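Please open the model in your viewer, with the sequence panel beside it, and keep a selection tool at hand. The tour below goes from one selection to the next and says what is found at each stop.

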Amino acid sequence: MNINLRYANRSDAEMLTEIGIKTFSDTFFKDNNPEDMDIYLKKAFSVELHLKELVDPNIVFLIAEIDGKPAGYAKLKAYSKIDGLIETDSMEIERIYSLKEYIGKGIGKALMEASIKEAKEKGFSSIWLGVWERNTRAIAFYEKWGFKIIGSHIFMLGKDPQNDFIMLLDKVLDKKKWEVWRQDDNGIKVLIETFIEKSKAEEKLKYLESFFHKQIYWIE
């Protein structure tokens with residue numbers, strides 16, 4: 001069975017909404033209050049919301065297809081932050097969904113591989129995600145990929161505050177990162193940008209020094 005992966009576009013907004021509602025409902029409806037589920041589903045999954053997210057430069061949707069039919073998707077958010085996460089250049093896997101009929105057919109594996117590849121290509125050093133503490137199947141799946149629980153936070157399902165574990169995959173990059181830094185007027189060290197290639201960092205440094213002679217810049 002061949003799995004095809006592609007980036008989503010605005011024409012996929014309705015499909016993403018339908019898959020999101022179906023997979024979230026199939027997974028969590030039996031363990032939660034119907035009213036809380038209804039509140040959350042209306043807030044988190046809508047065509048209008050997905051249309052906005054699909055043009056956000058910091059959000060990527062990866063769609064998995066089998067025989068030309070959508071089987072699942074992953075939603076990635078660049079530079080996503082949460083309390084307790086020290087990393088400043090981390091990418092979040094906000095969702096990684098497989099339709100019920102395709103569970104066990106490699107959709108999750110394909111989407112996770114593609115998500116990690118996306119993080120590497122964009123220079124992120126780590127990936128994090130949130131998972132309900134009672135979703136033992138998902139937790140085990142993430143642990144197989146090297147994710148570790150580093151904390152927890154409250155996830156609001158409608159009016160129900162639930163505890164989600166925060167899981168982190170560290171050291172995503174195989175190569176050394178090159179960071180361009182500057183010192184501000186108060187002597188504080190400020191990160192400007194991160195590069196995988198040293199030559200790109202040197203180009204950035206040269207550009208900055210040509211315009212801002214009074215600032216102090218360097219590469220680490």
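Which strands does α4 lie across, and at about how many degrees does α4 run to β4? Select α4 (107–121) and the strands around it: α4 lies across β1, β2, β3, β4, β5 and β7, and runs at about 160 degrees to β4. Helices (H or I, at least four residues) and strands (E, at least two) are DSSP runs, numbered from the N terminus, and angles, from 0 to 180 degrees, are taken between the N-to-C directions of axes, which are lines fitted to C-alpha atoms, for helices over the stretch in contact.

Before going further, note that this is a predicted model, in which local features need pLDDT of at least 70 and side-chain atom pairs count only at pLDDT 80 or more, while totals for chains, interfaces and linings use all residues. Residues are numbered from 1 along each chain as its sequence is written, and side-chain values use heavy atoms, with hydrogens and water left out.

Now display the open sheet of 7 strands, whose order is β1-β2-β3-β4-β5-β7-β6 and whose pairing is mixed; two strands pair if DSSP finds at least two bridges between them. At its edges stand β1 (3–7) and β6 (148–157), each with a single partner strand, so one side of each is left without a neighbour in the sheet. From one strand to the next the twist averages 30 degrees.

Select β2, where 8 of 8 residues are buried, that is, under 20% relative accessible area, with exposed being over 50% and partly exposed in between (1.4 Å probe, protein chains only). Ile59, Phe61, Ile63 and Glu65 point one way from β2, whereas Val60, Leu62, Ala64 and Ile66 point the other way. On one side, β2 is joined to β1 by 5 antiparallel bridges, and arginine 6 stands opposite isoleucine 63. The pairing of β2 with β3 is also antiparallel, over 8 bridges, and in the hairpin of these two strands, with 2 residues between them, aspartate 67 takes a positive phi near 55 degrees.

Move to β6 and β7, which pair in the antiparallel sense over 9 bridges; here isoleucine 149 has methionine 167 as its bridge partner in β7. Their hairpin has 2 residues between the strands, and glycine 158 takes a positive phi near 65 degrees there.

**Helix α1**

Next select helix α1 (residues 13–28), whose 16 residues should span 22 Å at 1.5 Å a residue, which agrees with the 22 Å between its end C-alpha atoms; the expected span is 1.5 Å times one less than the number of residues. Helix α1 lies across β1, β2, β3, β4, β5 and β6, at about 90 degrees to β3, and its buried residues include Leu16, Ile19, Phe24 and Phe28.

**Aromatic rings**

How many aromatic pairs does a search of the whole structure find? There are 13, where rings of Phe, Tyr and Trp (its six-membered ring) pair if their centres lie within 6.5 Å, and planes under 30 degrees apart count as stacked, over 60 as edge-to-face and the rest as tilted. Select tyrosine 73 and tyrosine 97, whose ring centres are 5.6 Å apart with planes at 65 degrees, so the pair is edge-to-face. Tyrosine 73 lies in strand β3 (residues 69–78) and tyrosine 97 in strand β4 (residues 90–98), so the pair ties together parts that are 24 residues apart in sequence. Both of these tyrosines are buried, and ring pairs link them into a cluster that includes Phe24, Phe28, Phe61 and Trp132.

**Tyrosine 102**

Step into the loop between β4 and α4 to find tyrosine 102, which counts as buried at 16% relative accessibility. Leaving aside neighbours within four places in sequence, tyrosine 102 is in contact (heavy atoms within 4.5 Å) with Ile66, Lys69, Pro70, Ala71 and Ile107.

**The sheet of 3 strands**

Finally, select the open sheet of 3 strands, which has the order β9-β8-β10 and antiparallel pairing. Its edge strands, β9 (189–195) and β10 (216–219), each pair on one side only. Helix α6 (residues 198–211) packs on this sheet, touching β8, β9 and β10, and its direction makes about 170 degrees with that of β10.
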